[in-house]
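Please keep the structure in view while reading.

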Amino acid sequence: MGLLSDTPVHHAVPDEYVLPPEKRPETDEFVDPTVTLPVIDLAAGRGRHLVVNEIIKAGKEFGFFQVVNHGVRDEVVGAFRSAAAEFFAMPAEEKLPYYSDDLTKPFRVDTSTTYVLDRSSGGRYWRDYLQLQCFPVDRYSQDWPAEPAAFVPSLAAYAKAVQTLAATLLGLIAEGLGLEESFFRGELTGGGTLMNVNWYPPCPDPSLTLGLLPHCDRPLLTVLSQGDVSGLQAKHKGRWIAVQPVPNTFVINFGHLMEIVTNGLLQSVEHRAVTNSSAARLSVVTIMLPNMDCRIEPAPALVTEGEQAKFRPFLFREFNEAYAAAAANREDVLQRFRIHPAGTME
């Protein structure tokens with residue numbers, strides 16, 4: 001199957017991308033458009049304690065927030081976004097050597113996504129994507145494509161800068177939770193950094209399909225560059241809200257592991273990508289993963305004295321298997337690891 005980006009203009013949604021009615025986006029699902037994500041200024045002069053409190057407050061309320069003055073230069077972001085867009089615009093034959101659905105490859109391009117729950121209906125999601133290992137840069141840069149020429153140097157600069165930002169945010173979050181600033185370092189984030197570069201071409205009928213299904217992310221947190229084209233939506237109080245692009249920001253959200261490690265204090269939140277008919281959208285998602293044999297469990301300091309932890313200990317490899325089996329369904333994933341009080345039904 002070819003990439004969506006191989007066709008300059010799509011005049012109709014192919015049958016395999018038409019989702020069943022119950023999976024399509026509904027325009028009446030939105031809350032008041034004045035509900036927006038907090039934008040947190042990370043500027044050094046604001047005071048660390050203030051920034052920490054704002055992050056924890058936003059995390060508890062939304063599970064999402066945006067950050068400005070984050071230390072990643074605009075030209076670094078713009079250079080990689082431009083190079084990634086150039087990659088998707090290359091002729092099909094130049095992208096073909098990288099085409100693969102093998103999840104173990106350190107660099108690959110693929111189209112759409114299918115999950116077990118959708119295969120019976122042929123449901124595909126309206127996107128192409130690059131998936132790549134991006135940090136440490138020296139270990140993986142030889143796997144990145146030689147064309148376009150700007151791809152490797154721009155990705156190297158971007159990956160290093162975002163790695164630093166993610167580590168900074170995790171330190172601030174740990175401090176806000178009353179943990180050691182270094183709590184999330186080591187095995188919890190030592191399993192490599194993965195990047196998804198998503199390309200959503202203009203869709204002839206956005207009411208029939210989605211760019212990406214509702215899901216929660218796996219890791220502690222996700223760092224997203226979404227550019228200036230909207231499409232990301234997040235669940236808030238049971239309904240979808242649009243995450244409107246703000247210039248020079250990154251969108252940050254918590255994943256399942258953050259919910260488990262904080263014993264439910266900071267929760268993972270469902271989100272999805274919708275399409276539009278007028279403009280292509282490019283998003284760059286970066287996540288830091290644990291080692292496969294990392295033991296995951298609630299931080300003892302966050303389990304209230306006299307109460308039981310909400311989640312059992314497990315290895316990250318077991319979590320990965322559960323995440324795949326549950327087709328990214330939030331409750332199905334978490335149920336595998338919840339501790340149920342005595343006398344209750346699972």
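Glu-259, Arg-330, Glu-331 and Arg-338 are linked in a network of salt bridges in this predicted model. One of its contacts is the salt bridge between the side chains of Arg-330 and Glu-259, with an N to O distance of 2.8 Å. Because Arg-330 lies in helix 9 (residues 330–335) and Glu-259 in helix 7 (residues 256–261), this pair ties together parts that are 71 residues apart in sequence. Arg-330 also forms a salt bridge with Glu-331, where the closest N and O atoms are 3.3 Å apart.

Arg-330 and Glu-259 are both buried. For Arg-330 the relative accessible area is 14%, and the residue therefore falls under the 20% limit for burial. Glu-331, at 36% relative accessibility, counts as partly exposed, because this value lies between the limits of 20% and 50%. Elsewhere, Arg-108 and Asp-110 meet in a salt bridge at 3.4 Å, N to O, and both of these residues are buried. The count of salt bridges in the model comes to 13.

Eight strands form an open sheet in the order 1-2-10-7-12-5-4-3, and their pairing is mixed. Its edges are strand 1 (39–41) and strand 3 (107–111), each of which pairs on one side only. On average, neighbouring strands of this sheet are turned by 25° against each other, direction ignored.

Strand 5 (residues 193–200) runs antiparallel to strand 12, and eight bridges join the two. Within this pairing, Asn-198 has Ser-283 of strand 12 as its bridge partner. Strand 7 (residues 221–225) is likewise antiparallel to strand 12, joined to it by four bridges, and Val-223 stands opposite Thr-286 of strand 12.

Strand 12 also shows how the sheet is covered. In a regular strand the side chains alternate between the two faces of the sheet. In strand 12, Arg-281, Ser-283, Val-285 and Ile-287 point one way, while Leu-282, Val-284, Thr-286 and Met-288 point the other way, and all are buried. Eight of the eight residues of strand 12 (residues 281–288) are thus buried, so the strand is largely enclosed by the rest of the structure.

Helices lie across the strands of the sheet. Helix 1 (residues 48–61) lies across strand 1, strand 2 and strand 10 (250–254), and runs at about 165° to strand 1. Helix 6 lies across strand 2, strand 3, strand 4, strand 5, strand 7, strand 10 and strand 12, at about 135° to strand 7. Helix 6 has 26 residues and reaches 37 Å from its first C-alpha to its last, close to the 38 Å expected at 1.5 Å a residue. Just after helix 6, Gly-178 takes a positive phi of about 80°.

UniProt, in an unreviewed entry, lists residues 191–290 as "domain: Fe2OG dioxygenase". In the model, the end C-alpha atoms of this span lie 4 Å apart, and the span is 6% helix and 42% strand.

Several features of the backbone occur in loops. A cis peptide bond, with omega of about 0°, joins Phe-135 and Pro-136; Pro-136 lies in the loop between strand 4 (128–135) and helix 5 (137–140). The peptide bond from Glu-147 to Pro-148 is also cis, with omega near -5°, and Pro-148 is found in the loop between helix 5 and helix 6 (151–176).

Positive phi values in residues other than glycine complete the description. Asn-69 has a phi near 50° and is found in the loop between strand 2 (64–68) and helix 2 (74–89). Lys-237 has a phi near 55° and lies in the loop between strand 8 (232–236) and strand 9 (239–242). Is Lys-237 buried or exposed? Its relative accessible area is 72%, so Lys-237 is exposed.

Note on methods:
Residues numbered from 1 in each chain as written. Predicted model: local features only at pLDDT ≥ 70, side-chain atom pairs only at ≥ 80, totals over all residues. Heavy atoms only, no water. Buried < 20%, exposed > 50% of the residue type's maximum accessible area, 1.4 Å probe, protein only. Pairing = 2+ DSSP bridges. Salt bridge = Lys/Arg side-chain N within 4 Å of Asp/Glu carboxyl O. UniProt positions renumbered as here; feature names shortened; annotations may be inferred. Expected span 1.5 Å × (residues − 1). Axes fitted to C-alpha atoms, helices over the stretch in contact; angles between N-to-C directions. Contact = heavy atoms within 4.5 Å.
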